[in-house]
Amino acid sequence: TFTAETLVQPAPRAQNQSEAVPLTTAPVLSPQMQNALTYVQRRYKVSPEALIPVFEVAQMIGTERRIDPLLILSIIAIESRFNPFAESSMGAKGLMQVIPRFHTDKLPVGANERSLLDPVINVQVGVKVLEEAIRRKGGLVAGLQQYAGSSDPEGAYASKVLAEKDRLEQATRRKVAVNPGAA
């Protein structure tokens, strides 16, 4: 399982004694994920400090589970608008709006229902739920529909998620503006 400690790596040493060096630094987001973060920050009006851990978890778990991190982020956008404490009237919790009563088997050992408000655990469990839905339904669109608990044959939920993923993909291709005055 992932914990806050697994997200932290040692910081580089200072070149000289006068430089301040943080005790730890988090894993670096890919340039594409950084561009997506800028887009999400603006669209959803969420601070980068709140988004960075979510993006790091999506990147890490996506890479580990071979699920596109942008798909994970798209589901988070639609489900919770990046609010890790979101709870629905149906009892869904956290970033990916996991319903505990249906997915306790996917929780890490020692975790409980309240653990789903932890972004790392929520994304881990949410991705397992997504993988299971895709496997059961035989494809991404049908799997997304099952993930949402929707029987809509038109695939409205899947369309929303995939449209958000398209917007994130477009944002990843944008060049980061360079400040000409910076050295």
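Helices are DSSP runs of H or I with at least four residues, strands are DSSP runs of E with at least two, and both are numbered from the N terminus. This is a predicted model, in which local features need pLDDT of at least 70, side-chain atom pairs count only at pLDDT 80 or more, and totals for chains, interfaces and linings use all residues. Residues are numbered from 1 along each chain as its sequence is written, and side-chain values use heavy atoms, with hydrogens and water left out.

Start with the overall layout. The protein chain has seven helices and two strands. Along the sequence, their pattern is β-β-α-α-α-α-α-α-α. Of the 183 residues in the protein chain, 41% are buried. Buried means under 20% relative accessible area, exposed means over 50%, and partly exposed lies in between, with a 1.4 Å probe and protein chains only. Contact means heavy atoms within 4.5 Å. Among contacts in the protein chain with a separation of 6 or more, 50% join residues 24 or more positions apart.

Now look at helix α2. Two packed helices are described by the angle between their axes and the distance between the axes. Axes are lines fitted to C-alpha atoms, for helices over the stretch in contact, and angles run from 0 to 180 degrees between N-to-C directions. Helix α2 covers residues 48-65 and helix α3 covers residues 69-80. They pack at an angle of about 135°, with their axes 8 Å apart. That makes α2 oblique to α3. Angles under 35 degrees count as roughly parallel, over 145 as roughly antiparallel, 65 to 115 as roughly perpendicular and the rest as oblique. The crossing of α2 past α3 is right-handed. A crossing is right-handed if the near helix is turned clockwise from the far one by less than a right angle, and left-handed if anticlockwise.

Which residues of α2 and α3 meet? From α2 come Val54, Phe55, Ala58, Gln59 and Gly62, and from α3 come Pro69, Ile72, Leu73 and Ile76. The residues of this contact divide into seven nonpolar, two polar and no charged. Here Ala, Val, Leu, Ile, Met, Phe, Trp, Tyr, Cys and Pro count as nonpolar, Asp, Glu, Lys and Arg as charged, and the others, Gly among them, as polar.

Helix α2 also packs on α5, at an angle of about 35° and with the axes 10 Å apart. This crossing, too, is right-handed. Val57, Ile61 and Arg65 in α2 meet Pro119, Val120, Val123, Gln124, Val127 and Glu131 in α5. Six of the contact residues are nonpolar, one is polar and two are charged. Valine 120 of helix α5 is buried, at 8% relative accessibility. Valine 120 and proline 84 are 36 residues apart in sequence, yet their C-alpha atoms are 9.9 Å apart in space.

Next come the aromatic rings. A search of the whole structure finds two aromatic pairs. Rings of Phe, Tyr and Trp (its six-membered ring) pair if their centres lie within 6.5 Å; planes under 30 degrees apart count as stacked, over 60 as edge-to-face and the rest as tilted. The rings of phenylalanine 55 and phenylalanine 82 have centres 6.2 Å apart and planes at 20°, so they are stacked. Phenylalanine 55 lies in helix α2 and phenylalanine 82 in the loop between α3 and α4 (100-103), so the pair ties together parts 27 residues apart in sequence. Tyr44, Phe55 and Phe82 form one aromatic cluster.

Two residues other than glycine have a positive phi in the loops here. Phenylalanine 82 has a phi of about 70° and is buried, with a relative accessible area of 5%. Lysine 45, in the loop between α1 (31-44) and α2, has a phi near 55°. With α7, helix α6 packs at an angle of about 110°, the axes 8 Å apart. The two helices are therefore roughly perpendicular to each other. Leu140, Val141, Leu144, Gln145 and Tyr147 in α6 meet Ala156, Tyr157, Ala158, Val161 and Leu162 in α7. Nine of these contact residues are nonpolar, one is polar and none is charged. Just after α6, glycine 149 takes a positive phi of about 75°.
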